[in-house]
4 protein chains.
Amino acid sequence: MTDQTPTLADLAEVLAQTAFLKPYGFTVEACAPGSCTLRVPFDPALERPGGIVSGMTLMGAADVAMWLAIMTRRGTREHWVTSDMKTAFLRSARQEDVLCTASVLKLGHRSAYGTAECRGATSGLLAHHVLTYAKVDPGRTG
Amino acid sequence: MTDQTPTLADLAEVLAQTAFLKPYGFTVEACAPGSCTLRVPFDPALERPGGIVSGMTLMGAADVAMWLAIMTRRGTREHWVTSDMKTAFLRSARQEDVLCTASVLKLGHRSAYGTAECRGATSGLLAHHVLTYAKVDPGRTG
Amino acid sequence: MTDQTPTLADLAEVLAQTAFLKPYGFTVEACAPGSCTLRVPFDPALERPGGIVSGMTLMGAADVAMWLAIMTRRGTREHWVTSDMKTAFLRSARQEDVLCTASVLKLGHRSAYGTAECRGATSGLLAHHVLTYAKVDPGRTG
Amino acid sequence: MTDQTPTLADLAEVLAQTAFLKPYGFTVEACAPGSCTLRVPFDPALERPGGIVSGMTLMGAADVAMWLAIMTRRGTREHWVTSDMKTAFLRSARQEDVLCTASVLKLGHRSAYGTAECRGATSGLLAHHVLTYAKVDPGRTG
């Protein structure tokens, strides 16, 4: 990992090393200073009853996209954790890939705030999220 | 499924029939009119880096606990979906079971609002959630 | 009032007729389909201890800006009320006018969702808001 | 002000010294370690069109009740400010006093989290709030 501005390949590597996210199949689609876009490939295994992409999948994508968006500004070495997250579910995604873009609106030394949007390739805006992250000091583990 | 007040066994059956939740291993611990408690068994596969239970697992538990809590008042036949959910992550859970209790604070014909708390067997309050659910009319699919 | 697309003057008239908002001195600065910007003139009477603009003033501005933003799409005759509102306070405003812009992200027949930002002339982004409005049916009063 | 556990009279004094809250007429009804109840007397001047108590009044009551609830645990000398607040408006209050009770769920050295409920004397639960407060370090002003 690095203190320098990470590339898309660096963020993809972070994602690949995070075992508990493997089942979701997220990939890094794009990044820029302060933002990151993930692709959530369509997978019947992530469907809710009725054939819609589960809300947990959308929340997970938003959470991870913001985590990586913070790294675009702070590097990959610091330890940031979600402290607060709100999701509005606006439409259902059906049998389509979802793109989730997170944007940092304010970045402080100890906290970060931003928004994320999940969009379906054909359905448009599926969910809107606001997230607060907190930086965990070295030496603390929580 | 039934229009009558579901028993704990009825709610357990709903959970068992929901395929995408299988990986989480949630079980119904208790229910009463307007509330439901789930157990989230400790599972290393659900850990985040650092050995803590992932936020997605806690959010998933809260979402499902509220879904079942609404059923305790409205039966298992209606179709309710999450429209809004906010989570405050207060502490990290470590290598312990988590209990998540959801309580309905207001139940209308078309929307329901309530809170959920995730507690670790030894850590105390881990996360606090507020959720809004909307009833999907028969004939609609979203 | 009118079912047609309201002009800035129409929205200013709605604001002028809303007695309980008078103390805040909000004025309509701009509008477009799906968005509305209010000006909150600096007023020492709205200060919190320490000389900062009170959070209630920022929340009030966001709430009203969204109300008017919905009118830009739905006219001024329907009755929409706030059903949910979340505010992140990011910086303090000091002795300066505040501009608050609300944008509708999703507008349905019965509910609307959007964001609002309060910005200080010199301080930048002060607060970020997400709001859900519900349409009250004719004949109901709540 | 004092570092010791404040009495109801101490909290009433804090309220009386906060000029910008005067128009609301809030009074301290009760307090205990970690909680505080405010009374919002009915006042036609705080009504929204249609004769209902304005949402801003309810949000203001919740914000202040939490501020005082934190003081019951931390004394009246520290400087705590609202960093995040979410309100669900559940029912309309009509021509009645409102009681707002805030409860601290987690209190850390730098942040506090809790809930508040606004109840009408006859209407029941009007609004449910979740709030995060942050401690401002001495020497900083924002």
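This is a predicted model: local features need pLDDT of at least 70, side-chain atom pairs count only at pLDDT 80 or more; totals for chains, interfaces and linings use all residues.

The dialogue below takes up confidence, the sheet, the helices, the core and the backbone in turn.

Trainee: What average pLDDT does chain A have, and which of its elements score lowest and highest?

Mentor: The term pLDDT denotes the predictor's confidence in each residue, from 0 to 100. Chain A averages 90, and 91% of the residues score at least 70. Helices (H or I, at least four residues) and strands (E, at least two) are DSSP runs, numbered from the N terminus. For the complex, the predictor gives an ipTM of 0.91 and a pTM of 0.93.

Trainee: In what order do the 12 strands of the open sheet stand?

Mentor: Two strands pair if DSSP finds at least two bridges between them. Here the order is E1(A)-E2(A)-E6(A)-E7(A)-E8(A)-E5(A)-E5(B)-E8(B)-E7(B)-E6(B)-E2(B)-E1(B), with antiparallel pairing. Strand E1 (27-32) of chain A and strand E1 (27-32) of chain B stand at the edges with a single partner strand each, so one side of each is left without a neighbour in the sheet. Angles run from 0 to 180 degrees between N-to-C directions, with axes fitted to C-alpha atoms, for helices over the stretch in contact. Neighbouring strands of this sheet are turned by 20° against each other on average, direction ignored.

Trainee: How many bridges join E7(B) to E8(B), and how many pair E6(B) with E7(B)?

Mentor: E6(B) and E7(B) pair in the antiparallel sense over 9 bridges, and Val104(B) has Gly114(B) as its bridge partner in E7(B). These two strands form a hairpin with 3 residues between them. E7(B) and E8(B) also run antiparallel, joined by 10 bridges; Cys118(B) has Ala127(B) as its bridge partner in E8(B). A hairpin of 3 residues links E7(B) to E8(B).

Trainee: Why is E7(B) described as largely enclosed?

Mentor: A residue is buried if 20 or more other C-beta atoms lie within 10 Å of its own, exposed if 12 or fewer, and partly exposed in between, with C-beta atoms placed from the backbone. In E7(B), 7 of the 10 residues are buried, so the strand is largely enclosed by the rest of the structure.

Trainee: What span does helix H2 of chain C reach?

Mentor: The expected span of a helix is 1.5 Å times one less than its number of residues. Helix H2 (residues 55-74) of chain C has 20 residues and reaches 29 Å from its first C-alpha to its last, close to the 28 Å expected. Since 18 of those 20 residues are buried, H2(C) is largely enclosed by the rest of the structure. Just after H2(C), Gly75(C) takes a positive phi of about 80°.

Trainee: Which residues touch the most other members of the largest nonpolar core?

Mentor: A nonpolar core is a set of buried Ala, Val, Leu, Ile, Met, Phe, Trp, Tyr and Cys residues joined through C-beta atoms within 7 Å. The largest one has 164 residues, of which Ala65(A), Ala65(B), Ala65(C) and Ala65(D) touch the most other members. Two residues are in contact if their C-beta atoms, placed from the backbone, lie within 7 Å. Leaving aside neighbours within four places in sequence, the contacts of Ala65(D) include Cys36(D), Leu38(D), Cys100(D) and Ala116(D).

Trainee: Is Leu38(A) buried or exposed?

Mentor: Leu38(A), in strand E2 of chain A, counts as buried because 28 C-beta neighbours lie inside 10 Å. Leu38(A) and Cys118(A) are 80 residues apart in sequence and 9.2 Å apart in space, C-alpha to C-alpha.

Trainee: What phi does Gln95(A) have?

Mentor: Most residues other than glycine have a negative phi. Gln95(A) has a positive phi of about 50° although it is not a glycine; its place is in the loop between E5 and E6 of chain A. With 14 other C-beta atoms within 10 Å, Gln95(A) is partly exposed. Gln95(C) has a positive phi of about 45°.

Conventions
Residues are numbered from 1 along each chain as its sequence is written. Chains are lettered from A and ligands numbered from 1 in the order in which they are written.
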